[in-house]
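My entries follow the display.

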Amino acid sequence: MNATPQWEQYRSLRDAALDGRISAEQMAMLEQLVLRHEDLRRDYAEHAHQQAVLKWTFAALPELKLQELVRPNGASTVSSAVSSHSATGSSRYTGIMGGHRFIWHLLAMAAGVFLTVGLLEFWDAHDGLSKAVATIASSEDCKWGDCTLATAVNQPLGPGHLRLESGIATLQFPNVSVTLEGQVDLEIVDEKMCLLHSGRVLANVEPGGEGFVVQTPTAKFIDRGTTFGVKVAPSGVSDLTVFKGRVDVGHLLSGAEASVRVNETMRASQQSLETLDDADDEGPVETPVAGVPIHISTASGAGDDAYVAAAKSLPARSSSDIALLVKKPAKSKPRQWYAPWRRKAFMRFDLASLTDGEIVEAVLQLQGVETNIGYASMMPDATFAVYGLTDESQDFWDASEINWMNSPANAGNTVRLMQSDVQLIGRFVVPQSDPAGRFEVSGRTLADFLSEDTNGVVTLIIIPETVGEPGESYVHGFASKRHPFLPAPTLRLRVQ
């Protein structure tokens, strides 16, 4: 490996981690380097492997000193030590072995143990595969928004974010079930705690689950063996109702504490805690906020997404892919307009959930994915443009039949669009080193475009503007609504 600045930084961090002298900040930097670069990942695995095997070897023979393992005359005392530690005798080493030869033989034996146990533990800690703390036990008519966790029933869940737009889903923690009623914005912290940012949940705690915490923007609710409900308004004002048992409440700002018992309701505002009677319990009081948040993805209602490719043989369907592929390649042959595989992506959003209020904020969020198609080193930092389709007669394209030539605003053989049919919304840049990041386009132009819609749906189009080097330059991709765990293209709006 070349001694690049990146390599030097990685090597310093690697050695610090393996020596046990790395800080939390340095560990985060090391994780990013290892997860993004295969060669660094391989190098770290090799060094971690080597160190772990050596530790395993000497831990197995604690009574021996290093100088005793390899005697000056080349004879090894380890073989007899291992023989004496064998329970069955079937794997005894007899005779005299060269010290170095024996150690490497022992390392080879230990490698299998480490690779099946140690590597799994390493990647669980460093590849984002957090320990499962809950599962989705049931899901009824659920439409999920922008989530960082998988949303399939029985899918193990680690810490992360869940946003349920509509429907009912139940999460099963150890001895605790938490039912989400859309719209809900909830974050799983661990097996004993979740953060409820907005919406309502119902928690049922069985024996052994006492101490489970639901924290809101204003309070912390600690279960003492009970059934209780929590409602959080967009302002953060939180209402707790206890249906069985007792819940302890801690106010985050003032530090005030209280206990709530059966059939009691307590409200936690930004300033204080107060007990509500039946006449007061009409839902959390709304304090002035900058608009009501609304999330709309291509998986909602009449929404959809697809990409199209220009090739000699036009594919009839590109919507089944889990990623929306986008590329503007360099021509490799004269007049080879399709070479090699131009791509552009289409996203349709159903605006039926919008109210008559004014859109005061609009953000388009896209989740990049690793496509493993082409070489990233042949593609510099890439700029992409997002256009809004102004010709509403073309909004109802069929994702099962869309192709290059019949796609909306098609301008023939080029990757460009028919400018009379579209409006430029904005641009974003995908770094060469991080194609799997999260990208956004926002601003007044997007908000106005959505506000001017007249048919209830809008189409946004992603067009690549950066050309890669001739040959197999990288093909970028963004998670589609069919991706098994990454969020679909999503509009995050505030309306007032």
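Which residue in E23 is the bridge partner of valine 369? I found glycine 477 as that partner.

I note that this is a predicted model, in which local features need pLDDT of at least 70, side-chain atom pairs count only at pLDDT 80 or more, and totals for chains, interfaces and linings use all residues. Residues are numbered from 1 along each chain as its sequence is written, and side-chain values use heavy atoms, with hydrogens and water left out.

Entry on strand E18. I looked up its pairings (strands are DSSP runs of E, at least two residues, numbered from the N terminus; two strands pair if DSSP finds at least two bridges between them). E18 runs antiparallel to E24, with 6 bridges joining them; there, alanine 362 has leucine 493 as its partner. With strand E21 (residues 438-442), E18 forms 5 antiparallel bridges, and glutamine 365 stands opposite glutamate 440. Strand E23 (residues 476-479) pairs with E18 over 2 bridges, also antiparallel. I found 9 of the 11 residues of E18 buried (under 20% relative accessible area, 1.4 Å probe, protein chains only).

Entry on the second largest pocket. Among the strands that each supply at least two residues of its lining are E18 (359-369) and E24 (490-495). E4 gives the largest share, 5 residues. By class, I recorded 9 charged, 6 polar and 11 nonpolar residues in this lining (Ala, Val, Leu, Ile, Met, Phe, Trp, Tyr, Cys and Pro count as nonpolar, Asp, Glu, Lys and Arg as charged, the others, Gly among them, as polar).

Terms used
Helices (H or I, at least four residues) and strands (E, at least two) are DSSP runs, numbered from the N terminus. Buried means under 20% relative accessible area, exposed over 50%, partly exposed in between (1.4 Å probe, protein chains only).
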